[in-house]
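This report is for a reader who is meeting the structure for the first time. Please look over the sequence and the model below before reading on.

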Amino acid sequence: RPTGGAGAVAMLVGEGAVLVMSPQTSSVSRHVWDFYKPHLSSEYPVVDGPLSLDSYFSSLFHCLTSLSMKDGKKANALEEYGKWVMHTPFHKMVRKAFSRAVWAEWKTSPNSSSSDPLISSTFSLLSSLFPSVSRSSTETSSSGESQREEEGEKEKEIKVDETGFPRGPEDQQKVIEATKDLFDRFVEPSTFLSVNLGNLYTGSLFSSLSSLLHSLPSLEEGERILMFSYGSGLSASMWGVTVVGAERAKEIGRAQDLDQRLSLRSKVEVHDFLRMIEARETLSLSVHNKSLPFTPVFPAAHPFFAPGTYYLDSIDSLSRRLYKRFPS
């Protein structure tokens with residue numbers, strides 16, 4: 001419930017676009033029982049939280065590694081893309097995922113230098129925090145065995161996962177804190193709607209793109225944006241987007257008027273929210289158990305419906321649904 005949101009995104013796709021998608025993409029699909037809905041009578045999925053997080057993280061690592069390869073050499077994605085837009089189930093999860101991406105970029109960089117001062121200083125910080133981590137290759141052990149410096153006195157062991165990221169909570173937190181400034185610059189501007197609405201599931205990635213246009217009216221011509229889409233089960237894709245109409249992008253950002261639209265939301269007290277949840281659960285059970293006819297609990301004059309909203313008025317004995325609409 002705390003992460004669930006509601007919303008939809010519509011886009012025009014065609015010639016003369018403000019944002020142009022790169023033909024180079026990277027995708028991954030695997031059979032994973034991380035989030036699924038086996039009970040048709042229930043409103044809720046079955047979720048394996050730790051597995052879902054690991055699936056998201058490993059998919060990001062796979063797509064990033066694949067997309068960054070150019071002519072047999074790995075490019076630094078932090079230098080290739082000025083902004084990152086990601087599927088956002090909840091804010092903290094994306095913070096963790098981005099810290100892993102920066103770690104991967106740092107590990108595969110030949111040195112800590114970069115033409116970007118913030119990237120360079122972050123890499124230097126990681127090098128000072130984890131001097132025992134080898135950066136000469138991306139070889140890791142799926143069994144979580146240790147990496148360590150072999151020259152001179154052995155340093156503290158760093159246990160890593162199959163992507164090469166530290167397993168220990170304390171080490172993970174160090175990476176998150178070390179990469180915060182990069183997150184604030186690369187990712188934070190795209191999290192405006194997810195922070196305010198929660199997870200939109202299929203609409204999550206593109207609501208994040210909408211947030212970026214809203215939060216950064218100063219997107220520059222030719223600026224590249226990294227897009228990462230994810231769905232449990234699982235399937236994930238990554239691609240780049242280039243800004244080819246900066247002024248029109250600014251117009252879109254202003255026209256969305258997100259601050260005003262969010263201000264029109266109605267605050268719902270907890271007991272009212274719980275009644276709404278119970279009403280949906282009752283509807284699901286009634287349809288599944290064929291307990292028909294059925295009439296929703298809330299009357300048509302419910303105060304939280306916006307003008308012009310369609311709503312379910314009833315379901316008859318033959319499972320036919322009757323909808324009505326509030327006046328516009």
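## Salt bridges

A search of the whole structure finds ten salt bridges, a salt bridge being a side-chain nitrogen of Lys or Arg within 4 Å of a carboxyl oxygen of Asp or Glu. This is a predicted model, in which local features need pLDDT of at least 70 and side-chain atom pairs count only at pLDDT 80 or more, while totals for chains, interfaces and linings use all residues. Residues are numbered from 1 along each chain as its sequence is written, and side-chain values use heavy atoms, with hydrogens and water left out.

One of the salt bridges joins the side chains of Lys83 and Glu223, with N to O at 3.6 Å. This pair links distant parts of the chain, 140 residues apart, since Lys83 belongs to strand S6 (residues 83-86) and Glu223 to the loop between helix H8 (204-215) and strand S9 (224-231). Helices (H or I, at least four residues) and strands (E, at least two) are here DSSP runs, numbered from the N terminus. Lys83 is buried, with a relative accessible area of 11%, and Glu223 also counts as buried at 16%, where buried means under 20% relative accessible area, exposed over 50%, and partly exposed in between (1.4 Å probe, protein chains only).

Another salt bridge is formed by Asp116 and Arg185, whose closest N and O atoms are 2.6 Å apart. Here too the pair links distant parts of the chain, with Asp116 in the loop between helix H3 (91-107) and helix H4 (117-129), and Arg185 in helix H6 (residues 180-186), 69 residues apart. Asp116 is buried at a relative accessible area of 17%, whereas Arg185 is partly exposed at 30%. Within H6, Lys180 and Asp184 lie four residues apart, about one turn of the helix, and their side chains meet in a salt bridge of 2.7 Å, N to O. Lys180 counts as partly exposed at 37% relative accessibility, and Asp184 is likewise partly exposed, at 31%.

## Paired strands

Two strands pair if DSSP finds at least two bridges between them. S6 and S9 run parallel and are joined by four bridges, and Met86 stands opposite Phe228 in S9. S9 is also joined to strand S10 (residues 235-243), in this case by eight bridges and with the strands running antiparallel; the bridge partner of Leu226 in S10 is Gly240. The hairpin of S9 and S10 has three residues between the strands, and in this hairpin Gly233 takes a positive phi near 125 degrees.

A further antiparallel pairing, over five bridges, involves strand S11 (residues 310-315) and strand S12 (residues 321-325). Ser314 stands opposite Leu322 in S12, and in the hairpin of S11 and S12, which has five residues between the strands, Ser319 takes a positive phi near 70 degrees.

## The second largest pocket

On a 1 Å grid over the protein atoms alone, a cavity is a set of points where a 1.4 Å probe fits but cannot get out, and a pocket is an open set with protein on both sides within 12 Å along at least five of seven lines; lining residues have an atom within 4 Å of a point. The second largest pocket holds about 1200 Å³ of space, a volume being the space filled by probe spheres set on the points, with grid points joined across faces, edges and corners.

This pocket is lined by 33 residues, of which Val9, Ala10, Met11, Phe206 and Gln256 lie nearest its centre. H8 supplies the largest share of the lining, five residues. By class, the lining of this pocket has 23 nonpolar, six polar and four charged residues, where Ala, Val, Leu, Ile, Met, Phe, Trp, Tyr, Cys and Pro count as nonpolar, Asp, Glu, Lys and Arg as charged, and the others, Gly among them, as polar.

## Enclosed cavities

The count comes to three cavities of 30 Å³ or more, and the largest cavity contains about 90 Å³ of space. Residues lining the largest cavity include Phe57, Leu60, Arg100, Trp103 and Phe165. The elements that give two or more residues to this lining are helix H1 (49-67) and H3, and H3 gives the most, with five residues. By class, the lining of the largest cavity has nine nonpolar, two polar and one charged residues.
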